[in-house]
Amino acid sequence: MRVVVVGAGVGGLATAVRLALAGHDVTVFERSETVGGKLGRYARDGFTFDTGPSLLTLPQVFTELLGPLDLVPLDPIVRHAFADGTVLDSCRDPDVFSERIGASLGAGAAREWAGLWRRAERVWGAAWRDILRADVGSPLALAPLAWRLRDLWAVRPGQTLRGLGIADRRLRMLVDRYATYAGADPRRAPAALLAVPYAELTFGGWYLRGGLAGLADALLARCLDLGVVVETGARVTRIEAAGGRVRGVRVGGASVAADAVISNVDALTTYRELMPAPSRLARLADRSLAGFVLLLGVRGESGAAHHTVYFPRDYDDEFDAVFGGPGRRARPVPDPAVYVTVADDPSVRPPGHEAWFVLVNAARHGTAAGAVDWRRPGLAEAYADRILDVLAERGADVRDRLVFREIRTPADLADGAHAPGGAIYGTAGSLMRTPNRGPVRGLYLVGGSTHPGGGLPMVLLSAEIVARALLRDQGVPQVALTTSGTP
């Protein structure tokens with residue numbers, strides 16, 4: 001069977017690996033000169049930065065496909081620094097974390113967390129069994145939950161994260177942050193996202209020595225070992241179909257025949273440009289948030305945690321700014337949560353220095369009311385100054401220690417990773433993402449803009465779902481394609 005994969009992001013490469021393992025002829029076309037998509041890397045003056053994800057969870061999903069990786073467990077997984085000076089370190093041991101919550105936030109918060117954790121455990125179990133590895137095409141896919149009333153009660157599809165009613169303001173911020181993992185506003189994101197902290201805290205947070213961009217290198221090497229053809233600098237301009245099924249793709253001026261096509265391009269781009277499908281486009285209007293990034297070469301060693309979140313006093317103001325709303329335009333967040341990653345890895349920085357990856361949530365790029373024109377002259381530099389000032393106000397002043405700073409706006413992500421508006425996760429988080437099957441036979445979609453959602457482990461699960469669906473549709477035995485057991 002001839003398979004064409006459009007896009008060499010993590011989802012496209014992982015799907016190519018699985019189909020090659022099943023013995024199929026796979027070609028990957030990537031319009032950029034490098035692979036990895038949003039899982040990027042930037043090097044300068046002896047510093048190396050991951051420009052995409054900075055934390056790896058569910059390591060089993062990666063090692064099942066790629067074999068052993070040089071993973072480093074993180075403790076703390078995340079350091080939470082609140083505006084009142086409180087600091088709370090998360091860790092893999094739930095009992096220890098509960099004790100830390102009690103010590104930092106008080107006994108009431110610890111009791112609230114215990115109840116949330118019990119519910120999160122049930123949400124995770126239901127999601128892993130019935131959603132995250134399932135070929136979900138419509139809300140009817142959630143029907144199995146109805147047969148297990150306790151699971152349905154835990155998931156509660158109509159409830160939001162904010163609707164959990166957490167009394168402690170700092171604990172509420174901690175939980176709200178997980179909405180941003182899905183690119184969403186916690187006031188609208190489903191409460192089922194409790195599965196995210198459960199997975200992170202149960203299976204741990206990890207760092208890949210040398211940087212997470214090494215995952216793209218490993219996937220590419222696995223593809224090439226299996227005989228997958230990977231062509232970079234090759235732009236697919238159209239997915240061709242006739243008679244209700246896919247026939248191939250158009251690359252430049254040439255047609256390439258295929259029995260199946262897998263699009264690792266954002267679903268919005270797929271249905272707007274590669275295979276216009278107005279009915280599918282209508283479901284993709286709710287775009288995820290974007291990110292404004294600083295890459296900082298810093299003199300000196302601070303001993304910072306691998307990942308620190310500096311929370312603002314008013315988290316709601318941040319979401320109002322990022323998403324806009326009736327009567328108000330989106331804008332750069334004046335007092336944002338700031339996410340800082342500092343890897344304790346000598347291979348990514350010169351001796352006596354640190355490589356700081358700094359991220360703040362941002363409105364997507366554009367000129368509509370719910371977007372910001374990040375190309376407006378002077379805006380990026382002025383906002384970078386503001387972020388450094390905010391860090392200084394929160395006790396992390398690096399302004400007099402900078403070797404250099406590089407700025408990455410949502411407009412840069414839109415250009416570099418071909419993500420519409422620079423939206424990190426495609427559509428904002430919900431229980432139902434874009435289905436993995438396309439509107440014609442033989443077309444499949446994979447990646448963070450599709451089911452089961454954004455984030456590295458979800459993208460790899462998306463690849464598994466697509467590979468199984470394709471082979472099932474072709475009547476091919478399912479060999480070496482399924483993650484065994486529950487992680």
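Predicted model: local features only at pLDDT ≥ 70, side-chain atom pairs only at ≥ 80, totals over all residues.
The protein as a whole has 15 helices and 19 strands.

**Overall form**

- The radius of gyration of the protein is 22 Å, close to the 23 Å that the globule rule gives for 487 residues, so the protein is as compact as a globular protein of that length.
- The C-alpha trace spans about 60 × 55 × 50 Å along the principal axes of the protein.
- Of the 487 residues in the protein, 57% are buried.
- Among contacts with a separation of 6 or more, 70% are between residues 24 or more positions apart.

**Helices H4 and H8**

- Two packed helices are described by the angle between their axes and the distance between the axes.
- On the H4 side, the contact is made by Trp-113, Trp-117, Ala-120, Glu-121, Val-123 and Trp-124.
- On the H8 side, the contact is made by Ala-195, Pro-197, Tyr-198, Ala-199, Leu-201, Thr-202 and Phe-203.
- By class, the residues of the contact between H4 and H8 are 11 nonpolar, one polar and one charged.

**Helices H2 and H15**

- Helix H2 (residues 59-66) packs against helix H15 (residues 456-473) at an angle of about 45 degrees, and the axes of the two helices are 9 Å apart.
- That angle makes H2 oblique to H15.
- H2 and H15 cross in a left-handed sense.
- The contact of H2 with H15 holds seven nonpolar residues, with no polar and no charged residues.

**Cis peptide bonds**

- Most residues other than glycine have a negative phi, and most peptide bonds are trans.
- The bond from Asp-75 to Pro-76 is cis, with omega near 5 degrees.
- Pro-76 belongs to the loop between strand S5 (71-73) and strand S6 (79-81).
- A cis peptide bond also runs from His-451 to Pro-452, with omega near 5 degrees.
- The loop that holds Pro-452 lies between strand S19 (443-445) and H15, and H15 is the helix that packs with H2.

- Asp-45, which is not a glycine, has a positive phi of about 50 degrees.
- Asp-45 is placed in the loop between strand S3 (41-44) and strand S4 (47-50).
- Asp-45 counts as exposed, because its relative accessibility is 53% and the cut-off for exposed residues is over 50%.
- Leu-58 also has a positive phi, near 50 degrees, in a residue other than glycine.
- The position of Leu-58 is in the loop between S4 and H2.
- With a relative accessible area of 1%, Leu-58 is buried, as the cut-off for buried residues is under 20%.

Key. Residues numbered from 1 in each chain as written. Heavy atoms only, no water. Axes fitted to C-alpha atoms, helices over the stretch in contact; angles between N-to-C directions. Helix = DSSP H or I, 4+ residues; strand = E, 2+ residues; numbered from the N terminus. Parallel < 35°, antiparallel > 145°, perpendicular 65-115°, else oblique. Left-handed = near helix turned anticlockwise from the far one by under 90°. Nonpolar A, V, L, I, M, F, W, Y, C, P; charged D, E, K, R; others polar. Rg over C-alpha atoms; globule rule 2.2 N^0.38 Å. Buried < 20%, exposed > 50% of the residue type's maximum accessible area, 1.4 Å probe, protein only. Contact = heavy atoms within 4.5 Å.
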